[in-house]
Amino acid sequence: MASRQEPPEQLTDEDRGYAGSRFSDVVDALFANPYQPVWGGEGQPPLPVGEVTFRSVVGGIVPTLFTKASERTLDSGADLRWGTDRKGFRRLVHPNGVCLIGQWRIVEETGYSGYFSKGSTALAIARYSTCCTETRRGRTRSLSMVGKLFPTTDPRHTEPLRTANFITQQDIAGDDTEYVNDAELRNAPDMTISRRGAGAPLLLTIGLVFSRVDKEPGIRQLYPIAELGKPAGTPTRAPEFMRLLVAPEQPRIAGVDLDFRDEIMAQIFDRGDPVPRRTLTFTIEVTDQGLTTGPAVKLRRTFQDWRAIGSLVFDNAVISYNGDSVIHFSHPTWREDRNDPATATRVDGRKVR
């Protein structure tokens, strides 16, 4: 097993030369080095737990480390970041995750463009993770799912394709959800800083740094999906808000102190059996009606008129080193008008407004 990597650095030639990826190459990378060759099997090693501390993220009094990492997540479109030593880069805030393979499906009329439009089906790779160190049920943690869509349904497509990424999360400071079934993952989460306790200074620093390199630290706009596959000259029409909910028919996985990664895997696999036996489905809901209230330490967002427009259906999953250290999900830079690229905060690796 490869050793843990150095922290993320600024853009590399790998980032600058990105021209798309093959779905099969990304999947092969994720499955190349699982922590447990057969999940849950007898004699398998325990899952590693990456620790998140103020020093491991910020790196010192001046948050240079996290500043560089934030700029990289915004400016690099790469789907895999191998680094010069082919061992990837250490994730600073969400080091513990499980990767999921499946499809994005939109089945309702939406009025939106790109892969938010009715009939859109894309191959999807997602990473379900937690901020920060805590992975176990019964503890305060912030569950999150980020994903990337490939504009194809052919898992063996040969031409590299540019992907569209999304970012969703529970309350950024943490929630007490026992089951993943009850987690509401939104591109505009709440923030209740008091839930983080001694970790509050870290989250406040993260917010300040991200505000400095971009603009809005708490919302991840959805225009990359609305622009994926969109004909040139067609206006972008993106929803303002999206939430992902585990479909009601999914079982609830019992277990005291259960690691969320085991909970996700148990939705698809039987322990000790390498063959996927079930699927894990999330409902995709959107709305343009939302209101933010409260100070930065206690942000509350309320919504109206959520509409279910489709689903994310996953039929395979893996917990692996490359899933924690190599796969990359680009964060969209903030736009004053989410549908207008001319209002972007960052352009060509620089903050312009």
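**Notebook: core, sheet and salt bridges**

I started at L312. Setting aside neighbours within four places in sequence, I found L312 in contact with Q103, W104, A124, M145, F166, L244, L280, T281, F282 and I284. I am working from a predicted model, and I keep that in mind throughout.

**Entry: the core**

Next I asked which residues have the most contacts inside the largest nonpolar core. They are L100, W104, F116, Y128, M145, F282 and L312. That core has 49 residues.

**Entry: the strands**

I turned to β2, residues 121-131. Is this strand mostly covered or mostly open? It is mostly covered, with 10 of its 11 residues buried. I checked its pairing on both partners. Strand β1, residues 96-106, pairs with β2 in the antiparallel sense, over 10 bridges. Here I looked up Q103, and its bridge partner in β2 is L123. For R127 I find the bridge partner V146 in β3.

**Entry: salt bridges**

How many salt bridges does a search of the whole structure find? It finds 21. As a general point, side chains of opposite charge can pair when their charged atoms come close.

- E134 and R136 form a salt bridge, and their closest N and O atoms are 2.8 Å apart. R136 is partly exposed, at a relative accessible area of 34%.
- R278 meets D270 through their side chains, at 3.0 Å from N to O. I get partly exposed for R278, at 30% relative accessibility. D270 is partly exposed as well, with a relative accessible area of 35%.
- R277 bridges to D273, with the closest N and O atoms 2.8 Å apart. Is D273 buried or exposed? D273 counts as buried, because its relative accessibility is 18% and the cut-off for buried is under 20%.

Last, I looked for linked salt bridges. I found a network that joins E184, R186, D190, R243 and E285.

Methods:
Residues are numbered from 1 along each chain as its sequence is written. This is a predicted model: local features need pLDDT of at least 70, side-chain atom pairs count only at pLDDT 80 or more; totals for chains, interfaces and linings use all residues. Side-chain values use heavy atoms; hydrogens and water are left out. A nonpolar core is a set of buried Ala, Val, Leu, Ile, Met, Phe, Trp, Tyr and Cys residues joined through side-chain atoms within 4.5 Å. Buried means under 20% relative accessible area, exposed over 50%, partly exposed in between (1.4 Å probe, protein chains only). Contact means heavy atoms within 4.5 Å. A salt bridge is a side-chain nitrogen of Lys or Arg within 4 Å of a carboxyl oxygen of Asp or Glu. Helices (H or I, at least four residues) and strands (E, at least two) are DSSP runs, numbered from the N terminus. Two strands pair if DSSP finds at least two bridges between them.
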